[in-house]
Structure formats: C-alpha cells, structure tokens
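Keep the model open as you read.

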Amino acid sequence: MKLWGGRFSKNTDSEVNDFNSSIRFDGRMYAQDIRGSIAHAKMLGKCGVISESDSATLVKTLGEVLEDIENGKVEFSADAEDIHMNVETLLIQRIGDIGKRLHTGRSRNDQVALDIKMYLMDEEKELSLLLKSLLECLISMAEEHTQTIMPGYTHLQKAQPITLSHHLMAYFEMFKRDCTRLADWRERTNVMPLGSGALAGTTYPFDRQYVADQLGFASITLNSLDGVSDRDYVIELSGILSIIMVHLSRFSEELILWNTNEFSFVEMDDACSTGSSIMPQKKNPDVAELIRGKSGRVFGDLMSILTTMKGLPLAYNKDMQEDKECIFDAIDTVKLCLPVFTKMIRTMKINKENMEQGAKGGFTNATDAADYLVKKGMPFRQAHEVVGKMVAYALNVGKSLDEFTMEEFKQCSDIIEDDIYHAIDLHTCVSDRKIIGGPAREAVEYAIGINKKWLSEQ
C-alpha cells in the first residue's frame with residue numbers, strides 16, 4: 001500500500017506506477033531531501049508539534065539513512081515513486097511510527113520545491129567554479145598575447161587588425177556576465193518554500209524562519225501558492241545555461257575555423273583531437289564540434305521547461321515533475337563542456353605568424369587610411385570614398401595599401417605624405433587604438449587589470 005493510499009481501494013497498476021515514478025532521475029536529490037527533512041524534524045520538535053525525543057530519533061535516523069545511501073547500501077524503489085517517499089519509507093522501516101511523524105504539516109509539493117532549489121543552488125556553486133577556471137585560463141592567455149596581431153572580423157570578412165589578447169578578453173567579458181547571471185539567479189532563488197504545504201500552508205505553529213536558517217536560506221516565501229508552483233528559478237537557470245552554451249558554441253565555431261588549413265591560426269593538441277577511420281592525415285577538432293553540437297541539447301531543455309509551464313493553473317500539477325530531467329540534463333551538459341573546453345584552449349598551439357599574416361590581407365588597415373586623411377583635414381565621408389577607390393585600385397593591380405608607391409597615393413589624394421606608411425602599419429593600427437575597450441596593449445592590459453581584481457574577489 002502506498003503511503004498516500006488510504007483513499008484507494010485498488011493498488012496502482014504496474015505500468016501506471018512505472019510511468020508515475022520519478023526516482024530514476026530525482027534520486028540524485030537524496031542529500032538535499034534528507035537535509036530538508038532533518039531541518040523539518042528539528043523544527044517539529046522545537047515547536048512542540050512532536051516530542052523532542054521523536055525529533056531527535058528522526059534526525060539521528062535520517063543521518064544514518066544518508067550515510068547508508070552514500071555508502072551504496074540503499075537501493076531505491078520505483079514502487080515508492082520518488083526520493084521523498086523512498087526516504088520516508090526507509091525511515092518507517094527502521095523506526096516504525098516515529099518515522100510516520102516526519103511528514104506532519106508538510107506536502108510533497110513544498111518538499112520537492114525545497115529539494116530542487118537546494119539542489120540547483122549546490123550545482124550553481126560548481127558551475128561558478130568551472131566558469132572561474134575558464135576565466136582564469138582566458139586571462140592568463142590574454143596576458144601572453146597582448147602583441148599577437150590578428151585580423152578582426154565582421155560578417156566573417158576581415159575588418160580591422162586587433163590582437164589575440166583583445167579577442168580572448170571579449171570572451172572573458174561574456175563568461176564574466178554568465179558568472180554574474182548565476183549570482184543574480186542565486187539571490188532570487190535563495191528563498192525557502194517549505195511550510196507552503198500542498199498550497200495553503202498549515203495550521204501547525206511552524207517556525208519557518210528557523211528551518212530557513214538551518215538550511216542557509218536568505219528568506220522565506222510569502223505566498224504558499226507561489227511557493228509550491230513557482231518554477232521561475234528552473235526556467236531562469238536553464239536560460240543562463242543556454243547563454244553559457246551560446247558563448248561556448250560561438251568560441252568553438254571560431255576555433256574550428258582557426259584550426260582549418262585555410263586559417264591555420266591554431267592547432268589543437270593531440271590529446272584534445274581525434275582522427276579519421278579512413279583518412280590517415282586527419283586531425284579533427286571534435287571537442288569544439290561536440291560542444292557546438294551540445295548547445296542545441298541545452299536549448300532544447302530550456303524549450304521543454306518553458307512549454308511545460310506555460311499553461312499550468314495554480315498551484316501544483318504533476319506536469320511539473322517534468323522540470324527535473326530537463327534542468328538536470330542542462331546542468332550535466334554544461335558541467336561536461338566547461339572543463340574540457342578549458343583544457344582544449346589551454347593546450348592548443350597559437351600560430352602567431354599566421355595570425356599576423358592573416359591581418360595583412362583583406363585591407364584591414366583601410367579604416368586607418370581613412371582616419372589618416374581625416375586627421376589631415378578631409379571630411380570623413382570624403383575620406384571614406386577616397387580610400388574605397390584606393391582599395392578598388394589595389395585589387396585591380398594586386399597590391400596591398402602599404403605596397404603603394406607615393407606616386408600612387410598622390411593620385412588618390414595630394415594631401416597624403418610619407419607618414420601614411422607609419423599610419424597604416426598594422427602595429428600602428430593596433431597601438432593607436434588606446435581608448436578604453438580598444439585593442440592597444442595598454443588598453444587591453446587596463447581591462448585585464450580590472451578583471452583580475454574582479455576574479456580575485458569572486
């Protein structure tokens with residue numbers, strides 16, 4: 001007989017029981033479930049709802065159950081449906097009627113809301129550490145490449161010269177925002193729902209703040225309906241994880257391109273690459289490709305929980321059991337991707353010469369040529385047109401701008417002097433962009449300094 005089976009005259013059909021059961025995936029929340037139950041048991045005794053003796057017995061036995069689970073001595077049962085009923089069943093088997101007192105004033109509705117919040121906040125700590133490790137790797141690499149010139153792109157067309165350091169720090173900023181999103185998410189999630197009951201609270205004289213303090217929550221929920229039916233925190237975390245995967249996928253796409261023979265900007269380490277079953281020369285960037293592919297999986301998890309929640313009336317509905325598999329999968333996927341991505345970029349070879357050579361093509365100094373004319377007094381729109389004609393001429397004769405003779409420059413504009421060669425030199429193009437946020441060495445080092453301080457405070 002089910003623990004909730006008093007109203008029923010038939011046992012649950014075996015197929016329905018298997019269909020209804022969630023222990024195969026929510027069993028991972030056993031530690032959070034037991035921690036929540038221990039806090040609840042202590043509160044029941046403190047408030048006089050059960051005896052201090054029974055409270056102490058519950059706390060002691062719950063600790064023993066936790067130890068047995070962690071030591072592999074417990075096998076969960078699908079017949080008990082979920083982690084909450086499995087733990088309670090184990091208690092009753094061990095201490096009889098005292099175990100039946102644990103659920104006083106509590107519903108699985110507020111219990112599962114408590115468990116998943118605690119579980120997700122525990123996972124957030126690990127995710128933040130993994131992101132911090134990636135950020136430390138990026139900033140270390142950026143410090144090494146403040147003078148490694150490479151082409152910057154728009155529309156995947158060469159645009160202007162930058163440095164690899166500047167490029168890496170762009171991704172640092174993205175992952176830094178991901179860290180702050182997780183921190184913001186935690187602040188909104190850190191509100192304890194236990195005490196909401198099934199939907200309408202309880203008539204028992206509970207001390208909810210005591211339970212919140214025991215579990216480390218910042219505050220308690222103020223509406224019992226919302227307490228059991230809110231899954232904003234699952235949706236929001238899934239959204240943050242999707243954004244992290246967007247950033248990983250974009251970076252992976254670039255690395256895949258850079259690793260091609262056509263670019264040859266980087267070469268993946270043998271330990272982070274795979275070969276072909278038929279082509280012996282191949283060295284494939286499978287890590288980057290898999291991360292790019294797994295992004296779609298995490299996006300799907302977000303769509304799943306959004307679709308599940310969009311039409312649900314208050315308060316709890318069984319549909320909400322579907323929240324766990326998608327968020328667990330998203331977390332597992334991101335936790336799988338972050339460390340292997342960090343290892344991949346840490347070990348890849350940077351081909352500095354190829355990067356600089358790449359920046360020399362595609363007229364990446366054309367904007368600087370226009371800026372040169374503007375500084376000589378020419379209106380920008382006119383300078384834009386003059387340099388556009390320079391590029392057209394250069395394409396026709398097969399030259400780069402820095403290969404022009406002074407006579408050719410003079411044919412374009414008589415205000416051009418010998419100093420144009422310095423102005424359009426790639427190193428000048430980069431070093432003159434000293435504005436905060438720019439690619440010049442001092443600007444990048446300024447950003448690195450600010451971000452190293454931020455990292456040290458995390």
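Predicted model: local features only at pLDDT ≥ 70, side-chain atom pairs only at ≥ 80, totals over all residues.

Residues are numbered from 1 along each chain as its sequence is written, and side-chain values use heavy atoms, with hydrogens and water left out.

**Backbone background**
- Most residues other than glycine have a negative phi, and most peptide bonds are trans.

**Cis peptide bond**
- Leu314 and Ala315 are joined by a cis peptide bond, with omega near 5 degrees.
- Ala315 sits in the loop between helix 12 (286-309) and helix 13 (323-347).
- Helices (H or I, at least four residues) and strands (E, at least two) are DSSP runs, numbered from the N terminus.

**Positive phi**
- Glu81 is not a glycine, yet its phi is positive, at about 75 degrees.
- The loop between helix 4 (52-70) and helix 5 (83-95) holds Glu81.
- Glu81 is buried (under 20% relative accessible area; exposed is over 50%, partly exposed in between; 1.4 Å probe, protein chains only), with a value of 3%.
- Ser264, also other than glycine, has a positive phi near 55 degrees.
- Ser264 belongs to the loop between helix 11 (232-258) and strand 5 (266-267).

**Glu123**
- Glu123 is part of helix 7 (residues 108-144).
- Glu123 is buried, at 7% relative accessible area.
- Neighbours within four places in sequence aside, Glu123 is in contact (heavy atoms within 4.5 Å) with Ile331 and Lys335.
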